[in-house]
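Please keep the sequence and the structure in view while reading.

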Amino acid sequence: MAAVQAPVEPPTTSRTPVYFLSHGGPNLMEDYDHPAYSVLQTIGREITQKVKPKGVVVFSAHWQAPSPNTILVSGATEKAENLIYDFGGFPEHYYRAQYPHRGSPELAGKVLDKLQEAGIASKVVKRGLDHGVWVSFMCAFDPKENPLDVPIVQVSLFESEDPDQHYRLGQAIAGLRDEGYQIIGSGMAVHNLYDFRRTMGRPGAVLDYAVSFDEALRVAVEEPAPADRQKAMAELLKRPDARRAHPTFEHLLPIHIAAGAAGESKGRQTWTLPQGSLSWAQYKFE
């Protein structure tokens, strides 16, 4: 008698997409008429209602490890650390804002394991969420209207501006997608605050590099072959308009991490808005 093959059990989780969020300043969470606010809300609902991740691993432009070759991981305890108000010149109530969240020893441990398997030195630290995370999450995952009721673990960038080093950082944790975890990079597609005052009070004003670099980033991310995408994204930092679009690259590097975590998944720009010396482009890899 032929052996009866046991039925193949379907996977308990499916591979999650990867997102890059252009997060803006803390004022965005109260600027309900800004187009980016509603776009982030839509992304947030997609994550909570369709993706339904077990937890979130997030990289923010506002956390670069002070040690050149050691990545830092926060959120290793369920008790949340206080938020970080890493901005200045805003009304007093911005510095009392709260965003309900919790960490996860299990998820932080998984991140550390993945990094160490990839030969990336890492360690756990106590640190609250910076505004690159909690402001964008306040818009995307409104605690009352669309709460993100899963653990959040924030991971630092490297101290360097090396795009390939950050791409490899994303590759190192890509396997978490197959376990049902959400990977998010938070930065800005174009980010030049030095030029920002030049366009204040001029509705509709857009500086040339905000358009040219925004389009170049889209083309690079949407390269269909992963190896070509990595090369094209690294070349972005050598463009003549790169230092105008990003006087420093920390707001760009989270999308390199996101692309690395995407692996074979295709990247696409889901929405964009060049505005003054900024671009609010949002990306998804699936």
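Strand β2 (residues 55-64) and strand β5 pair in the parallel sense over five bridges, where pairing requires that DSSP finds at least two bridges between two strands, and where strands are DSSP runs of E with at least two residues and helices are runs of H or I with at least four, numbered from the N terminus. The model is a predicted one, in which local features need pLDDT of at least 70 and side-chain atom pairs count only at pLDDT 80 or more, while totals for chains, interfaces and linings use all residues. Residues are numbered from 1 along each chain as its sequence is written, and side-chain values use heavy atoms, with hydrogens and water left out.

**Strands and sheets**

- Within the pairing of β2 and β5, Gln64 stands opposite Leu157 in β5.
- Six of the six residues of β5 (residues 152-157) are buried, so this strand is largely enclosed by the rest of the structure; buried means under 20% relative accessible area, exposed means over 50%, and partly exposed lies in between, with a 1.4 Å probe and protein chains only.
- An open sheet of three strands has the order β7-β10-β9, with antiparallel pairing.
- In that sheet β7 (190-191) and β9 (274-275) stand at the edges with a single partner strand each, so one side of each is left without a neighbour in the sheet.
- Two bridges join β9 to the antiparallel strand β10 (residues 278-279), and Gln275 stands opposite Leu278 in β10.

**Thr70**

- Thr70 lies in strand β3 (residues 70-73) and is buried, with a relative accessible area of 17%.
- The side chain of Thr70 makes a polar contact of 3.5 Å with the side chain of Ser67; a polar contact is a pair of N or O atoms within 3.5 Å, of which, within protein, one must be able to donate a hydrogen and the other to accept it, and residues adjacent in sequence count only if both atoms are side-chain atoms.
- Leaving aside neighbours within four places in sequence, Thr70 is in contact, meaning heavy atoms within 4.5 Å, with Ala65, Ala121, Ser122 and Lys123.

**Arg177**

- Arg177 lies in the loop between α4 (163-173) and β6 (181-187).
- Although Arg177 is buried, it has no salt bridge, and the nearest side chain of opposite charge, Asp178, is 6.4 Å away; Lys and Arg count as positive and Asp and Glu as negative, while His and the chain ends are not counted.
- The side chains of Arg177 and Ser265 are joined by a polar contact of 3.0 Å.
- Residues touched by Arg177, not counting those up to four places away in sequence, include Arg15, Pro17, Ile183 and Phe285.

**Salt bridges**

- The count comes to 15 salt bridges, each being a side-chain nitrogen of Lys or Arg within 4 Å of a carboxyl oxygen of Asp or Glu.
- Arg15 forms a salt bridge with Asp178, with the closest N and O atoms 2.8 Å apart.
- Because Arg15 lies in the segment before β1 (18-22) and Asp178 in the loop between α4 and β6, the pair ties together parts that are 163 residues apart in sequence.
- Arg15 is partly exposed at 49% relative accessibility, and Asp178 is partly exposed at 38%.
- Glu286 forms a salt bridge with Arg268 (3.4 Å, N to O) and another with Lys284, where the closest N and O atoms are 3.3 Å apart.
- Glu286 is partly exposed at 47%, whereas Lys284 is buried at 9% relative accessibility.
- Glu46, Arg268, Lys284 and Glu286 are linked in a network of salt bridges.
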